[in-house]
Amino acid sequence: MRQAPLWRRYDRLSGSDPAADVKDELRFHLESKVDDLVAKGWRPKDARQEAERQFGDILAVQRMGERIGEHMDRRRHLTDYWADALQDLRFTLRTLRLDTGFAVVAILILALGIGANITVFSVVNTILLRPLQFPNPQQLVRIVEKDAKSNESGKTYTADATQDFQQQNRSFQSVSGYFAFTGPNNFKLSGNGQPMPATGMLVAEGFFETLGVAPAAGRLFRHEEFIHHAQTAALLSYPYWKSQFKGDRNIIGQTVDLSDKVDLNNKSVVVVGVLPETFDFGAVFSPGAKVDLFVPYIMDDFRGDGNDLALVGRLKPGISIAQAQNEADTLFPQFYFEHKHPEYGKGYTGKLTDLKQYVSGKLGRSLIVLWCAVCLILLIVCVNLSNLLLARAAARNREFAMRCALGARRSRILRQLLTESLVLAISGASPGPFSLGLSIRARSHSRCSTWYASTEQSWPGRWSSPSQPPFSSASHQLFACRAKTYRSLSKTEATEPARAAGMTASVPYS
Amino acid sequence: MEQTRLELVRGTLDILILKSLIWGPLHGYAITGLIRRHSEDALLVEEGTLYPALWRLESKGLLEAEWGLSENNRKAKFYRLTTEGRRQLRQEVKIWEAYAAAVTKVLGATRPRLPEEMV
């Protein structure tokens, strides 16, 4: 084989062309054959025909060649591409190692911006975007009083009014509620050894059934457990069961000592079941709250205590919220505050809101503001970083000039720079989730920031409601320091003689 | 002269191609010629099967192709064995020899004597 002349090298200047290659190769074959035949004494025209006859179906072979050629071409491109990428990567790592200061600063700013975004987004995702983790969530309705400016007692109902509504409504499959004034660590669990603080939520009969929550182990509460002086039962939340009882199934049916921190009465409580992992009371009813166990709300114990039940109901299939609202508008005004004391008056209102809307609506605007703020931070990070990169690029002018002189195309240099940016971005993004993202769990479930009533954005009874900055509720989860100032605030107010309802549980333990 | 034209046994084309490239790069037409000459005109490789086989071997990495000029000054695609191709050839030659020897033995066997004749 002789070397091809120089001009041949420019044959495929515009890139390889497998189809043309195949054609050239086959044409060469035919021409050589014709030459041979002519040399043997054939006439050129006959020779050509004979050569083609011998070859057979030249088009089919050609098509096959094109297919194989394209396949090889693609593979070659891919190999080249990855080889180049690897080379770029090695080069990037080398230059970043030489310029450690730049690399560290860039990665740190990125990690900060991305981490903050991840943190806020995970809250936004839980509260605004993700549907509720209950079956047929569109049937679930939160019932509060219509007066929007009313405080927490204005959003809750007395035991009597609740029972009236449960009995008289025709739109709901079931209506239940929870005690709205529970504070963090309102119980003490004394097992073997040191008594441990625990947060217990009082829930009315049928609460879990209304939501459609089935126990992960054991059973839910029974009717007789909601009767005055009944043997107290408790349901454990899944994380509490895992952490406190190490996921021991034998705990079900056993009694534990649980003391109410207020009256310090030691009660032996039977653990009847464990709630599923997917059920997070806090995520739905009071963002940021961590509830360890649930105990029955016994109506008879609370009849004289005023408004303290936050209601939630499940609509009958086919009943719209508007229909139920109509009914509620006629029913609620007739309800007495207390049957025993009709002189206290009557006349509630009821506003029905889709539970998901209620959950997100409460925090929606503040969360979006927070989200925007964090996005702005990310934007600033990007501007910052691009400034840094720009300065670096200016300093590297010579390097690029050299590469251009050596024959690198613009696209090749661009790719190199993109690889560098990609390396920075990835190394900036990876510590994000680890450092800041992990803190979400700690923050959102930290005890000091747990104030159930506060997430309802107001305070019970005659308390003046502390004025709140627009996103204080969301910030509860994110910035524990806010929760601290908040707590000192509530402490001072707690000295006021307040309605019995929520105070007992929530006040003194801030 | 009566000439025997043999159909290629399946799978032998690859080994023939690899073998014919062992002395240096060749283009497709030269490969047909070489195989025909070495088999003393007994084996005739059809072009319709030769080229796809060449391309397949190339895509497997057993051959490498390069454009060059043929002896009659035409642009032609020359194939060359890669290291991988040489290794493959050695292996396949061994297998082929064992196979051919076995087939020959069976075909060359004489009729075994029947038991009654042995008496």
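In the predicted model, helices H3 and H13 of chain A, the latter spanning residues 410–429, pack with their axes 9 Å apart and at an angle of about 60°. H3(A) and H13(A) are therefore oblique to each other, since an angle counts as roughly parallel under 35 degrees and as roughly perpendicular from 65 to 115. The crossing of H3(A) past H13(A) is right-handed. On the H3(A) side, the contact is made by A:Ala85, A:Asp88, A:Leu89, A:Phe91, A:Thr92 and A:Leu96. On the H13(A) side, the residues are A:Arg415, A:Gln416, A:Thr419, A:Glu420 and A:Val423. An α-helix has 3.6 residues a turn, so residues three or four places apart point the same way. By class, the contact of H3(A) with H13(A) is made up of 5 nonpolar, 3 polar and 3 charged residues.

Another residue of helix H3 of chain A is A:Leu93. A:Leu93 counts as partly exposed because 13 C-beta neighbours lie inside 10 Å, and a residue is exposed at 12 or fewer and buried at 20 or more. In sequence, A:Leu93 is 331 residues from A:Leu424, yet their C-alpha atoms are 9.8 Å apart in space.

Helix H3 of chain A covers residues 58–98, a run of 41 residues. From the first C-alpha to the last, H3(A) reaches 59 Å, which is close to the 60 Å expected at 1.5 Å a residue. The buried residues of this helix are A:Val61, A:Gly65 and A:Gly69. What covers these buried residues includes helix H1 (18–39) of chain A and, from the other chain, helix H3 (47–59) of chain B.

Helix H1 of chain A also packs against helix H2 (residues 44–55) of chain A. The axes of H1(A) and H2(A) are 9 Å apart, and the angle is about 130°. This angle makes H1(A) oblique to H2(A), because an angle has to be over 145 degrees to count as roughly antiparallel. The crossing of these two helices is right-handed. H1(A) contributes A:Leu30, A:Lys33, A:Val34, A:Leu37 and A:Val38 to the contact. H2(A) contributes A:Pro44, A:Ala47, A:Arg48, A:Glu50, A:Ala51, A:Glu52 and A:Phe55. Divided by class, the contact of H1(A) with H2(A) has 8 nonpolar and 4 charged residues, and no polar ones.

Between the two chains, 24 residues of chain A are in contact with 23 residues of chain B. On the side of chain B that touches chain A, at least two residues each are supplied by helix H2 (28–38), helix H3, strand S2 (63–69) and strand S3 (75–81) of chain B. H3(B) gives the largest share of this side, with 8 residues. The residues of chain B on this side divide into 9 nonpolar, 7 polar and 7 charged.

Taken as a whole, chain A has 18 helices and 12 strands. Of the 510 residues in chain A, 33% are buried. Among contacts in chain A between residues at least 6 apart in sequence, 79% join residues at least 24 apart.

A:Asn136 lies in the loop between helix H4 (100–129) and strand S1 (140–144) of chain A. Its phi is near 40°, a positive value in a residue other than glycine. A:Asn136 is exposed because 12 other C-beta atoms lie within 10 Å, and a residue with 12 or fewer counts as exposed.

A:Asn185 is found in the loop between strand S2 (172–179) and strand S3 (187–190) of chain A. Phi of A:Asn185 is near 55°, again a positive value in a residue other than glycine. With 18 other C-beta atoms within 10 Å, A:Asn185 is partly exposed.

A:Asn250 is placed in the loop between helix H7 (238–244) and strand S8 (255–260) of chain A. A:Asn250 has 8 C-beta neighbours inside 10 Å and therefore counts as exposed. A:Asn250 and A:Val271 are 21 residues apart along the chain, and their C-alpha atoms are separated by 9.9 Å.

Terms used
Residues are numbered from 1 along each chain as its sequence is written. Chains are lettered from A and ligands numbered from 1 in the order in which they are written. This is a predicted model: local features need pLDDT of at least 70, side-chain atom pairs count only at pLDDT 80 or more; totals for chains, interfaces and linings use all residues. Helices (H or I, at least four residues) and strands (E, at least two) are DSSP runs, numbered from the N terminus. The expected span of a helix is 1.5 Å times one less than its number of residues. Two residues are in contact if their C-beta atoms, placed from the backbone, lie within 7 Å. Axes are lines fitted to C-alpha atoms, for helices over the stretch in contact, and angles run from 0 to 180 degrees between N-to-C directions. A crossing is left-handed if the near helix is turned anticlockwise from the far one by less than a right angle, and right-handed if clockwise. Ala, Val, Leu, Ile, Met, Phe, Trp, Tyr, Cys and Pro count as nonpolar, Asp, Glu, Lys and Arg as charged, and the others, Gly among them, as polar.
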